[in-house]
Amino acid sequence: MADSRGDAEQRPSPEALLEAARREEGRTGRLKIFVGAAPGVGKTYEMLQTARARQKDGYDVVVGVVETHGRKETAALLDGLGVIPRRRIEYKGQSLEEMDLDAIVARQSADRAG
């Protein structure tokens, strides 16, 4: 696989990330899952509206990956939100895009350091 993940060895293990999360005092995360019975019922739209509200309340919000499926109203909700560009990889002669986990982790690490 021609993935070119030379920096994968430097990425912390999942166990190390969990341990670091446990050590943070007074900070607890919450996972919110948006579920819909069918495509087009508004999951992404609702998620982006919630993200914008959280950002307005002072939270640091960034989008790792989003599919707007060409919906202009959904794409408009991305205005003002930080979006991490997707990572392009080559695999079996095809160019693919995926969420750039390394960039997201690096962003979080930079925020903690600063």
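Which residue forms a salt bridge with glutamate 67? In this predicted model, in which local features need pLDDT of at least 70, side-chain atom pairs count only at pLDDT 80 or more, and totals for chains, interfaces and linings use all residues, the partner is arginine 86, with the closest N and O atoms 3.0 Å apart. A salt bridge is taken here as a side-chain nitrogen of Lys or Arg within 4 Å of a carboxyl oxygen of Asp or Glu. Glutamate 67 lies in the loop between strand 1 (62-63) and helix 3 (72-76), and arginine 86 in the loop between strand 2 (82-83) and strand 3, so the pair ties together parts that are 19 residues apart in sequence. Residues are numbered from 1 along each chain as its sequence is written, and side-chain values use heavy atoms, with hydrogens and water left out.

The protein chain as a whole comprises four helices and four strands, where helices (H or I, at least four residues) and strands (E, at least two) are DSSP runs numbered from the N terminus. From the N terminus on, these elements follow the order α-α-β-α-β-β-β-α. Of the 114 residues, 15% count as buried, a class defined by a relative accessible area under 20%, with exposed meaning over 50% and partly exposed in between (1.4 Å probe, protein chains only). Among contacts with a separation of 6 or more, 41% come from residues 24 or more positions apart, contact meaning heavy atoms within 4.5 Å.

The largest nonpolar core consists of seven residues, namely Leu48, Ala51, Val61, Val63, Leu77, Leu78 and Leu81; such a core is a set of buried Ala, Val, Leu, Ile, Met, Phe, Trp, Tyr and Cys residues joined through side-chain atoms within 4.5 Å. When neighbours within four places in sequence are left aside, leucine 77 is in contact with Tyr45, Leu48, Gln49 and Arg52.

Strand 3 (residues 87-91) and strand 4 (residues 94-98) pair in the antiparallel sense over five bridges, pairing being assigned if DSSP finds at least two bridges between two strands. The two strands form a hairpin with two residues between them, and lysine 92 in the turn has a positive phi of about 50°. Across this pairing, arginine 87 has glutamate 98 as its bridge partner, while arginine 88 is partnered by glutamate 97. Glutamate 97 and arginine 88 also form a salt bridge, in which the closest N and O atoms are 2.7 Å apart. Glutamate 97 counts as partly exposed because its relative accessibility is 44%, whereas arginine 88, at 53%, counts as exposed.

Six salt bridges are counted in total. One of them joins the side chains of aspartate 102 and arginine 87 at 2.8 Å, N to O, and this pair links distant parts of the chain, with aspartate 102 in helix 4 (residues 101-113) and arginine 87 in strand 3, 15 residues apart. Both aspartate 102 and arginine 87 are buried, the relative accessibility of arginine 87 being 14%. Arg11, Arg87, Asp100 and Asp102 are linked in a network of salt bridges.
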